[in-house]
Amino acid sequence: MVLALAAAGSVLAGPAGSASAVETAGRADLRADVNRDGRIDVTGDSDKWWEDSWSVGRGAVYLPNIDDDTKRCPVTGPGGRPLSDAKLAACNDGTDTKVNGTADAADLARVRSVPLPGLPADAKGSLKVTTGGKHAHLFLKRSGTWVLVTPATRLTAAELRSGVEFGIEATDIVRDTAKWDGRAVVRLTVTSGQKSTSDAVTLRVAPLLTQHHLQNTQQVMVTEVQGQGEYSRLQQKFVAELGKEVKKAGVTTPLVTFEKYADPWAQDFVEPAYVNMTGPGGQRQVMRVMLRSAQPDRDAGRELFEKIRGRDIGVVQVTDPAEPDDWSLNSMGNLETIPPYAHGGRSFPAGRIIMGERKDSGARPSKVMRTMLKSQGMQDPLLLDTSWLGVGHVDEFVQFLPADTPRGWRIGVADPQAGLRLLRDAKRDGHGRTKMFSVPGRSDAPAPKETIDQALASRHLVSDNEMAARRIAANLEVLKRETGVTDEEIVRVPALYTRESEAFTAEGQDVPVPRLTRMGAGSDLVDSLRDRGQQKWLAENPAAPRAAAPRAAAPATVETSAYVPGAVNGVLLGRDRYLAPRQWGPVIGGKDIFTEAVNAAYTRVGLKVSYIDDWYTYHLGMGEVHCGTNTLRDASAAWWRLPAR
């Protein structure tokens, strides 16, 4: 019996051999939802064992209460002046010591004391969060009202006899396990006279998790650039067409639109994430968490606090002003998630994060962000080499697709060799003089005029794509080694890349027109656009460089971006519905040869492909439809269990 009490975290105080009234009436016994079934067992033992420890698969969970259920947090200061980023992030439901209504109460993890009906009248109870107290609030439910537990709080004998309900919240996510590992240990002490017993339970804050493509799309987010300029008009048209495609895919919830800061890269300034736990009755209590990019000068992230934060939606901001800022690597288009898998003795039931690094220069995404992601203990980020990409984002060449296979998913990957093959086959068949691109021109952005022959004869196109193919193959080897994916589970999608200095040639111009880049203001690329009379397009196009700092020196590695709109850089709208950027490739026999090849690649694995034109809105800015959108996915699944496949 003594061993059992020790395992449960119960401690008996008093002289050996004594038998106090409180001992006779029953020892303090505190219970939490250790088995995560949504109820606290105070009569049996199902929530008794493991109450003093925690693992991924077992142990009580509580939420970081970082939403704003009643929209009480201010978004402006006196006189309507903007709040600082720090002040915007400093307010949420965990920063006060109140329970703000029933929605806020639902975010509390429950703890119960086992009823002690035989306690004497002089018995009283006290509570303390002995570990993690600086990061948690404990509330007592008394007469239907949640009351903050303080050092002065005392439970009456009547309360202890009937059993008491408590609620606990964390005031933040885990940011660095070296400083706090997310644990809270709650201890109940019951005293009568000079004798007392105590018991403790351990909870750990739910990990912050990023979404993966086995979770169904519930809503799509996009920036809608305001104004009457030409870019604004085209981008608003894109949003309207996106809404139609989303509805056709069966997603009926209206689009979430960002409208304040004119940053069209909705994939880049935020990564939708979530926390969840099993609530009363076995229903999952889910809180979406908008993870702001680690780019302190990217104002678009402020709209997450100003517009999006609310009931069951929180925002997390992770930055270190002292840290060197690789602006592009810190965009969230550089964060994707492998679906759940187990391989090589490691299990990732909530999936695993991938991010791009520039191995050639040693540049990596924000250390404070990577520390936070790793500290969740679930999705240990895997770094891939994106040195060969101008923007450097993993979404430019790899994706993960649902599959009716034992694994449940496949890898989709850009295939530059297949893209070159399409051009060579067209040339062989006598179509070398066909225009490389079928996109119509505009007065402020002339159409490309080169032919297939000219593209294949260009100074760098073939060598750059052969280089891209080698780099992609090396990254695939890393993914295969880490996940166990085989060649048969890889979907190869035709693609072509080009270095920035040779993007394409325009009608009426003898030199290539560079793309509007996401890399940095003040670059030679921007200057060359101005020199070529593109001021109107540059001024009106928010996809052009904004607040990023230029690189100190030209990169030693050839850096590329999509030449033909990158088909893998699209949006999975449903398990079998995929939205890709319109290809605008060579038209032969009335058909776009890239569109036909992309259709064939995805159709073979059961996906229906639709297309949306992003040439002038995103493609010329070195991005695609995926870069300009984001998705909110079903986050109710139990992250502690692998799919039953």
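Is C627 buried or exposed in this predicted model? At 0% relative accessibility, C627 counts as buried, where buried means under 20% relative accessible area, exposed over 50% and partly exposed in between (1.4 Å probe, protein chains only). The model is predicted, so local features need pLDDT of at least 70 and side-chain atom pairs count only at pLDDT 80 or more, whereas totals for chains, interfaces and linings use all residues. Residues are numbered from 1 along each chain as its sequence is written, and side-chain values use heavy atoms, with hydrogens and water left out.

The chain has 14 helices and 32 strands; helices (H or I, at least four residues) and strands (E, at least two) are DSSP runs numbered from the N terminus. Of the 645 residues in the chain, 60% are buried. Among contacts with a separation of 6 or more, 76% come from residues 24 or more positions apart, a contact being heavy atoms within 4.5 Å.

Aromatic pairs come next. A pair of aromatic rings is described by the distance of the centres and the angle of the planes. Rings of Phe, Tyr and Trp (its six-membered ring) pair if their centres lie within 6.5 Å, and planes under 30 degrees apart count as stacked, over 60 as edge-to-face and the rest as tilted. A search of the whole structure finds 13 such aromatic pairs. One of them joins F437 and W615, whose ring centres are 5.1 Å apart with planes at 65°, so the pair is edge-to-face. F437 lies in the loop between α9 (416–428) and α10 (452–457), and W615 in the loop between β31 (608–612) and β32 (629–633), so this pair ties together parts that are 178 residues apart in sequence. Both F437 and W615 are buried. The rings of W639 and W640 are also edge-to-face, because their centres are 4.9 Å apart and their planes stand at 90°. W639 is buried at 1% relative accessibility, and W640 is buried at 10%. Ring pairs also link Y341, F348, F400 and W409 into a cluster.

Another case involves W54, where the charged end of R204 sits over the ring, 5.4 Å from its centre.

Attention now turns to the cysteines. The structure holds 1 disulfide, defined as a pair of cysteine sulfur atoms within 2.5 Å. This disulfide joins C73 to C91, with an S to S distance of 2.2 Å, and the link is left-handed, with -80° about the S-S bond. C73 lies in the loop between β3 (60–62) and α3 (85–89), while C91 lies in the loop between α3 and α4 (101–105), so the pair ties together parts that are 18 residues apart in sequence. C73 is buried at 9% relative accessibility, and C91 is buried at 10%.

Helix packing can be followed through α9. Two packed helices are described by the angle between their axes and the distance between the axes. α9 and helix α11 (residues 461–483) pack at an angle of about 150°, with their axes 8 Å apart. Here the axes are lines fitted to C-alpha atoms, for helices over the stretch in contact, and angles run from 0 to 180 degrees between N-to-C directions. α9 and α11 are therefore roughly antiparallel to each other; angles under 35 degrees count as roughly parallel, over 145 as roughly antiparallel, 65 to 115 as roughly perpendicular and the rest as oblique. The contact is made by P416, Q417, L420, L423 and R424 of α9, together with L461, V462, N465, E466, A468, A469 and I472 of α11. R424 is partly exposed, at 38% relative accessibility. Leaving aside neighbours within four places in sequence, R424 is in contact with L456, V462 and E466. R424 and I452 are 28 residues apart in sequence and 8.4 Å apart in space, C-alpha to C-alpha.

Backbone angles complete the account. Most residues other than glycine have a negative phi. S143, although not a glycine, has a positive phi of about 55°. S143 lies in the loop between β6 (136–142) and β7 (145–148) and is exposed, at 76% relative accessibility. D312 has a positive phi near 60°. D312 lies in the loop between α7 (302–308) and β16 (313–317) and is partly exposed, at 21% relative accessibility.

Technical notes. Lys NZ or Arg CZ within 6 Å of the ring centre and 35° of its normal.
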